[in-house]
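I opened this entry to go through the charged pairs and then the sheet. The notes follow in the order of looking.

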Amino acid sequence: VIEPSNLEKLNIPVLATLPSVKKVDKGYHLSQIFIEDVNSEFAESIRTLRTLLVAKYQKNKSILLSSTYSGEGKTTTMFNLAVIFAQMGDRILVVDSDLRRPSMHRYFKVSNTIGLTNYLLGQNTIDEVIQTSESPNLHFIPSGKLPSSSMGVLNSAKMKEFVAEMKSRYDYVFFDAPPIMGVSDASVLASAVDLCVLVVQYRKYPQLMTQRAKDMVIKVGGDLVGVVLNNINISQDSYYYYYSGYYYD
């Protein structure tokens, strides 16, 4: 199973380790991070991840967050990370590019009727699909509804143009992608962005699955910069919780 020592053998840096948290009711505001305590270990881990990314990579970057399979916490991780970036003064755009099982619109409490697919199909302009939020620095584009006849819409020249234009407008553009092992969409997206980050749930899947996910990103020319190890029980696995900082340094 996946542990930091196994990731070291796979030559994948551990960017952050996130402790398991009890999620609060979804009637939150963006001024409150999606956890029960902004001073908790989880919040501090998200802030540390943001600091690492800013220190290592210049602005105007596109960053993809994916996972090996569903249920590993990539969407919650991305939402919290985007909120922290925005609170620190960066202009942030979050794009829900999980066209088959979109969920990010629920975090932003907006409709998923119009979004990325509508722009890519020429039905709406970019400015018509961008949603504002309670934070002036944080914008969002839902996935929109995906017609069954347009499954290859992400692998298009217009998608590449979209990524380039959003990078010129925002400091960082985050793409919430479907799981790598689920459909081909994540691999297509990995080749279109600057950086890829895998969110891996601690001790959930065999090491081989993460190796395969890494190979798929590299095969399409994606830049896998590291892994966020999620859902660590601090009381039982404190060694692993603090391990990543030493390993990455």
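I started in helix α7, where Glu 165 and Arg 169 sit four residues apart, about one turn of the helix. The model is a predicted one. I found a salt bridge between Glu 165 and Arg 169, with 3.0 Å between the closest N and O atoms. I looked up the accessibility of both: Glu 165 is partly exposed at 32%, and Arg 169 is partly exposed at 31%.

Glu 44 forms a salt bridge with Arg 47, and I noted 3.2 Å for the closest N and O atoms. Glu 44 has a relative accessibility of 42%, which counts as partly exposed. Arg 47, at 25%, is also listed as partly exposed.

Asp 98 and Lys 74 join their side chains in a salt bridge at 3.8 Å, N to O. This pair links distant parts of the chain, 24 residues apart: Asp 98 is in the loop between β3 and α4 (104–108), and Lys 74 is in helix α3. Buried or exposed, I asked of Asp 98? Asp 98 has 7% relative accessibility; the cut-off for buried is under 20%, so Asp 98 counts as buried. Lys 74, at 8%, counts as buried by that cut-off.

I also noted a network of salt bridges that links Arg 50, Lys 59, Asp 90 and Asp 171. The count of salt bridges comes to 11.

I moved on to the sheet. I read an open sheet of seven strands with parallel pairing, in the order β1-β7-β6-β2-β5-β3-β4.

I took one pairing in detail. β2 (residues 61–67) pairs with β6 (residues 195–201) in the parallel sense over five bridges. Leu 64 stands opposite Cys 196 in β6.

Last, I looked at the helices on the sheet. α7 (residues 157–169) packs on the sheet and touches β2, β3, β4 and β5, its direction making about 140 degrees with that of β5. Helix α3 (residues 74–87) lies across β1, β2, β3 (92–96), β4, β5 (172–176), β6 and β7 (224–232). I recorded about 165 degrees between α3 and β5.

Conventions:
Residues numbered from 1 in each chain as written. Predicted model: local features only at pLDDT ≥ 70, side-chain atom pairs only at ≥ 80, totals over all residues. Heavy atoms only, no water. Pairing = 2+ DSSP bridges. Helix = DSSP H or I, 4+ residues; strand = E, 2+ residues; numbered from the N terminus. Contact = heavy atoms within 4.5 Å. Axes fitted to C-alpha atoms, helices over the stretch in contact; angles between N-to-C directions. Salt bridge = Lys/Arg side-chain N within 4 Å of Asp/Glu carboxyl O. Buried < 20%, exposed > 50% of the residue type's maximum accessible area, 1.4 Å probe, protein only.
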